[in-house]
Amino acid sequence: MPIIDGANLYVFAYALALGAADLPTSSGGAPLHSNWSMFRGNPQQTGVSPSTLPDKLAVRWKVELKEPVTSTAAIVDGVVYVGADDNALHALDFATGTELWQYEAKEAIRSSPAVIDGVVYFGDQEGVFHAVNIHTHQAKWTFKSDAEIVSSANYDSGRVLFGSYDAFVYCLSANDGNLLWKFETGGRVHGSPGIIDGQVLVAGCDEHLHLLKLSDGKEVLRVSMGSVSGASAAIVDSKVYVGTYGHQFLGIDWKAGQVLWTHEDPDRQFPILSSAAVKDESVIVGGRDKRLHAFDRQTGQPRWSFVTNGRIDGSPVVVGSRAFVGSADGNLYAVDIATGKESWRFETGAPISASPSVAGGCLIIGNEDGVVYCFCGS
C-alpha cells in the first residue's frame with residue numbers, strides 16, 4: 001500500500017496500533033519526538049534521542065528481508081526507511097512492519113538513509129547517490145561518484161553532503177542534484193560528514209580530521225588523528241570525538257585545530273569503527289575489543305567499559321539514562337550510562353553492525369540475517 005495522501009495517514013495508523021497510552025503526546029495530542037530522520041539523529045551526529053523508551057522492551061514486529069541489513073534506519077512520519085544488501089531501499093509501516101513500497105538500486109545499500117522534506121537520500125555500493133521522492137517512490141535525481149558510498153547523508157540549508165570511497169566529500173543541491181562542490185581527501189571517506197555553524201567536519205582514511213566551509217568546500221584546517229578513521233565525528237560545541245583504526249579514541253577542539261586528549265588501552269588494542277554518542281559529560285563508543293566504553297568528554301579518562309561477546313562496529317544511541325547498542329554476538333544491549341551495568345538485552349540470532357534508531361517510543365534495528373526488528377513497550 002503506497003503513501004497516497006502524505007504522512008498523516010500513517011501517523012494515525014501508528015497511534016491506533018500502539019494505543020494512546022503508549023504514545024507520549026504534546027498538549028495538542030501529536031506524538032512527541034516521532035522522527036529519527038538521519039544517521040546519528042542530527043547533523044552534529046551526537047547519537048542522542050529525545051524520545052523515551054520503556055524499562056523493558058518487547059518485539060512489536062519483525063520483518064525478514066532477503067539479505068543482510070547493515071544500514072541504520074530512518075523513521076519519519078510513521079514510515080521506516082532502511083537499505084539492505086538485496087539492492088533495495090525498503091519503506092515499512094512503523095506501526096505494523098508492513099512493507100509499503102521499495103526502491104531498487106543496482107547494488108547493495110549500506111549507507112544509512114536521511115529523509116528531508118519528502119525526499120530520502122542514500123548511496124549504494126555502485127557509487128550512485130540517490131534522491132527518492134517518498135510520495136512517487138521514484139528517483140528525483142541521482143548522482144554518480146567513482147566508488148562505493150557507505151557514508152550516510154547529512155543536510156543543511158538545501159545542501160546534501162556525503163563521502164565516497166573515491167576519496168571525495170561531495171556537496172550537492174538537494175533540489176536537483178547538481179554538484180555545488182567537492183573536496184578531495186587523501187583516502188576513502190567511510191564515515192559521514194558532520195555539520196555545525198556553517199562548517200563541515202570529516203574524519204577520513206587519510207588520517208586527518210578536515211574542517212571545511214559548508215558554503216564552498218574550502219578547507220579551513222586539518223588535524224592529524226595519527227591513523228585512519230572509518231567513524232563519523234560526533235560534535236558538541238567546539239569539541240569533536242572520533243575513534244580510529246589505530247586503536248585510539250580522540251577528543252579534538254575543532255576551532256583551535258588541536259587534539260585535546262587521546263585514549264589508547266595499553267592492554268587491548270583494537271580498531272574503533274563505531275561512532276560515538278555524547279550525553280552530558282560522557283562520550284560512549286563501541287570497539288572491536290568487544291566492549292562499549294564511556295569516557296569523560298573533558299579529560300578522556302575512562303568511566304566504565306561493558307563487555308559483550310562480539311565486536312561492536314555499530315554505534316550506540318543514548319535514550320534517557322541508557323545506551324542501546326548491537327554487537328556481533330547477536331545481542332542488542334541496554335546499558336546504564338552512569339554505571340555501565342546491563343539493564344536489558346535481546347538475542348536476535350545474528351550479528352548486528354547497524355545502529356539503533358529511536359522515535360515515537362520504539363527502537364528499530366536490523367541484523368546481518370536481514371531481520372529488521374521494532375521494539376516497543378511490552
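Predicted model: local features only at pLDDT ≥ 70, side-chain atom pairs only at ≥ 80, totals over all residues.

Q: Thanks! How many cavities of 30 Å³ or more are there?
A: The count comes to two.

Q: Let's take the largest cavity. Which residues are closest to its centre?
A: Those are His-247, His-263, Ile-272, Asp-289 and His-293, out of 13 residues that line the largest cavity.

Q: And which elements give two or more residues to that lining?
A: Strands β22 and β25 do, with β25 covering 291–296.

Q: OK, now the second largest cavity. How does its lining divide by class?
A: Seven of its residues are nonpolar, four are polar and none is charged. Among the lining residues are Val-69, Val-82, Ala-354 and Val-372.

Q: Which strand gives the largest share of the lining there?
A: Strand β32, residues 362–366, with three residues. Ile-364, Ile-365 and Gly-366 are in the list of lining residues for the second largest cavity.

Q: Switching to pockets: what volume does the largest pocket have?
A: About 500 Å³. The largest pocket is lined by 28 residues, and Thr-70, Val-150, His-190, Leu-273 and Ser-353 lie nearest its centre.

Q: And how does the lining of the largest pocket divide by class?
A: Into seven nonpolar, 15 polar and six charged residues.

Q: Nice. Back to β22 for a moment: in what order do the strands of its sheet come?
A: The order is β19-β20-β21-β22, four strands in an open sheet with antiparallel pairing. β22, at 258–264, is one of the edge strands, and β19, at 234–236, is the other; each of them pairs on one side only.

Q: What does the twist average from one strand to the next?
A: It averages 20 degrees.

Q: What holds strands of a sheet together in general?
A: Strands of a sheet pair through backbone hydrogen bonds, in either a parallel or an antiparallel way.

Q: And here, how many bridges join β19 to β20?
A: Three bridges join them, and the two strands run antiparallel, with β20 at residues 239–243.

Q: Last one: which residue in β20 is the bridge partner of Val-236?
A: That's Lys-239.

Terms used. Residues numbered from 1 in each chain as written. Heavy atoms only, no water. Pairing = 2+ DSSP bridges. Axes fitted to C-alpha atoms, helices over the stretch in contact; angles between N-to-C directions. 1 Å grid on protein atoms, 1.4 Å probe; cavity = no way out; pocket = protein on both sides within 12 Å on 5 of 7 lines; lining within 4 Å. Points joined across faces, edges and corners; volume = space filled by probe spheres on them. Nonpolar A, V, L, I, M, F, W, Y, C, P; charged D, E, K, R; others polar.
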